[in-house]
Amino acid sequence: MKTGYLGLDIGSISTKGVIINEENKIIAEKYIWTEGNPIEAVKTIICDLKNQIDDIAIASVGTTGSARKLIGVMLGADVVKNEITAHAIGTLSVFPDVKTIFEIGGQDSKIILIENGIVVDYAMNTLCAAGTGSFLSSQAQRLGVEVEEFGDIALQSKNPTKIAARCTVFAESDLVHKAQIGHKKEDIIAGLCMAVVNNYLNNVGKGKNIKPPIVFQGGVSKNAGVIKAFEDATKETIAVDKNSHLMGCLGVAILAKKHKKDHVFDFDISDISFETRGHECKKCPNNCEIICFYKGDTLIDAWGNRCENGNVMEKTMQATV
Amino acid sequence: MEKIISFPHMGNYFVPVEALLRLIFPGHKVLPAPAITKKTLELGSKHSPDFVCVPFKYNLGNYIEALEKGANVLIQAGGGCRYGYYAEIQEQILRDMGYEFQFIKLLSDKINPISLYKTVREIGTPISFHKFLGHLVLIIKMVRIIDDTEAFIRENIGFETEENSFRDLHREFLNRLKTVTALSELNTVHREYDKRFRELSINKPENCLKVGLVGELYTLMEPFSNFFIEKELAKNNIQVSRYITVTFLLFDKFRRRKQILKGAGKYLKYEIGADGTDSVERGRTLAKMGYDGLIHIKPFGCMPEVNAMPMLQNISKDFKIPVLYFSFDSQTSETGVKTRLEAFHDMLTMRKDG
């Protein structure tokens with residue numbers, strides 16, 4: 001029986017999972033929508049990954065993405081890591097010489113600068129969702145095209161429409177206006193791709209020293225129009241791996257491999273019920289929203305409290321002792 | 001009518017402020033605003049203009065909660081940015097809400113012991129100018145002692161060997177200060193606690209990670225407003241340094257004004273307003289001292305600190321020191337802050353281990 005390592009990236013929009021072998025090669029992968037229910041999404045992914053492999057024991061599990069803590073507790077993960085570190089590790093395993101990583105996901109975007117295989121600087125979008133995947137998909141809907149076709153349509157444009165890139169609200173009203181005065185659909189779509197890139201370079205990439213080789217990843221890297229807009233804006237070649245959407249979970253799988261503990265992961269979680277129950281603490285005016293996480297009927301973790309008064313875990317521990 | 005005097009919160013400074021007010025107004029009641037909670041911020045945001053910087057919202061929330069507890073004299077200071085307008089607007093908002101109160105505005109360009117004494121007489125106090133001055137000196141000293149002690153705590157709490165030993169002693173120290181009424185007593189207390197803090201057992205490696213905090217004063221000094229960033233950093237065994245304290249703002253800043261601009265070196269030719277100049281100067285100084293990283297924090301939309309950011313980016317490039325930027329507002333996601341801090345810590349560790 002061979003050994004494998006499981007990495008899961010549970011993002012706000014999509015959930016990704018991979019199993020790698022000892023050589024960091026992906027032997028099973030899956031990508032689905034989170035649909036606001038990370039627990040169910042992970043169950044589906046694990047079930048699917050299980051059917052892809054044969055005679056492999058999972059020695060350790062890592063989680064990343066915005067639901068990393070929740071799922072980390074659910075699966076008893078060995079490593080729970082933030083997206084930035086996970087992405088850097090994943091990308092370095094495929095592109096050892098990379099100096100700049102552009103990453104645009106569903107709700108966030110980030111830039112990671114690397115020197116000699118070490119992360120030396122990074123930035124993440126702060127208050128604004130402009131220039132992320134969800135913005136593109138909502139605009140695709142408005143224009144009546146599938147977001148997957150977006151890139152190819154954009155490439156047909158000879159004269160991209162200029163669309164205000166500062167803010168989604170401005171971009172949207174600009175887009176509606178331009179469409180109504182007769183700009184062609186492919187030009188508008190190409191203009192949107194450029195708006196995303198300009199927004200990204202002006203906000204996230206602001207003041208950063210962008211050096212080649214550049215790697216572009218995250219869900220939006222599947223969009224050929226955005227890749228082209230990046231190449232035009234930076235005047236550099238942009239490398240996009242075929243697994244560019246899986247770099248986060250690949251990275252955390254590698255980290256899990258490094259931190260493996262000797263226990264075998266059990267795939268049979270689909271029948272176990274995992275449930276979160278939220279309540280307000282009410283012990284002081286702060287009213288922390290406390291999340292209790294149950295596996296069946298047992299409380300396995302709780303968080304959200306700011307002070308000791310709201311520490312549900314400790315109280316249950318004491319009660320059981 | 002009985003006067004109940006109240007004031008907004010910032011860090012632990014309610015201890016000396018409350019002590020001072022009790023000393024100079026023996027005939028009135030002193031009631032610090034209830035401790036900041038999410039409700040404070042909700043109340044403040046609800047009644048504030050949407051785009052005002054977040055300290056305004058915290059202050060206003062503090063006032064509302066204090067007024068609800070019966071306060072009828074409120075104190076506000078002012079400064080060299082939008083902070084200078086806080087008092088006027090907050091007074092108007094609170095009056096529009098129907099509260100009745102006396103509003104005392106201490107604006108920074110007019111502050112000196114004589115004008116302060118005049119204000120104090122207007123509120124109503126039997127004490128002489130001479131006595132007033134004595135109390136003022138005592139409290140200024142107390143603030144300095146608190147600032148020195150907290151600087152020591154920040155640099156060492158991340159390495160305590162016994163969990164919460166620093167936190168518990170810090171609490172005890174602040175409680176002890178509340179009862180101090182004379183300089184000689186203050187000095188004894190200072191000596192005693194200084195010794196006890198230094199005796200707390202720590203396990204601090206020679207080349208531990210060092211992070212400097214620079215930025216806007218309120219979000220730096222009020223831990224609730226920055227999601228307890230210093231605590232989060234300390235949890236990861238990081239030495240945290242920050243220089244913006246009340247002592248610095250009241251005294252050192254004016255004394256060292258020219259030096260600060262000079263200290264900013266080639267990055268600044270003239271001042272950029274409020275604390276922006278300090279952020280650049282401190283950023284450069286900390287980079288030169290070999291700190292591993294800088295964190296710049298500000299309320300969303302804080303002009304002076306927005307001014308400071310391009311210079312900090314240049315410092316980051318020249319000294320190869322990473323800078324993490326945070327803008328705080330009433331709706332900031334705590335998870336987002338934690339993710340960025342965690343990644344920052346990972347990056348600093350990787351850089352150090354090479």
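**Ground rules.** This is a predicted model, where local features need pLDDT of at least 70, side-chain atom pairs count only at pLDDT 80 or more, and totals for chains, interfaces and linings use all residues. Residues are numbered from 1 along each chain as its sequence is written, while chains are lettered from A and ligands numbered from 1 in the order in which they are written.

**Chain B, overall.** Along its principal axes, the C-alpha trace of chain B spans about 70 × 45 × 40 Å.

I then checked burial (a residue is buried if 20 or more other C-beta atoms, placed from the backbone, lie within 10 Å of its own). In chain B, 40% of the 354 residues are buried.

**Chain B, domains.** I found domain 1 (4–127), domain 2 (129–204) and domain 3 (206–354) in chain B; the bounds come from an automatic or database domain assignment. The centres of domain 2 and domain 3 of chain B, over C-alpha atoms, are 24 Å apart. Nine residues of domain 2 of chain B and twelve residues of domain 3 of chain B take part in their contact (two residues are in contact if their C-beta atoms, placed from the backbone, lie within 7 Å).

**Chain A.** I noted domain 1 (2–89 + 249–258), domain 2 (96–240) and domain 3 (274–320) for chain A. Between domain 2 and domain 3 of chain A, the C-alpha centres lie 40 Å apart.

Notes
A residue is buried if 20 or more other C-beta atoms lie within 10 Å of its own, exposed if 12 or fewer, and partly exposed in between; C-beta atoms are placed from the backbone.
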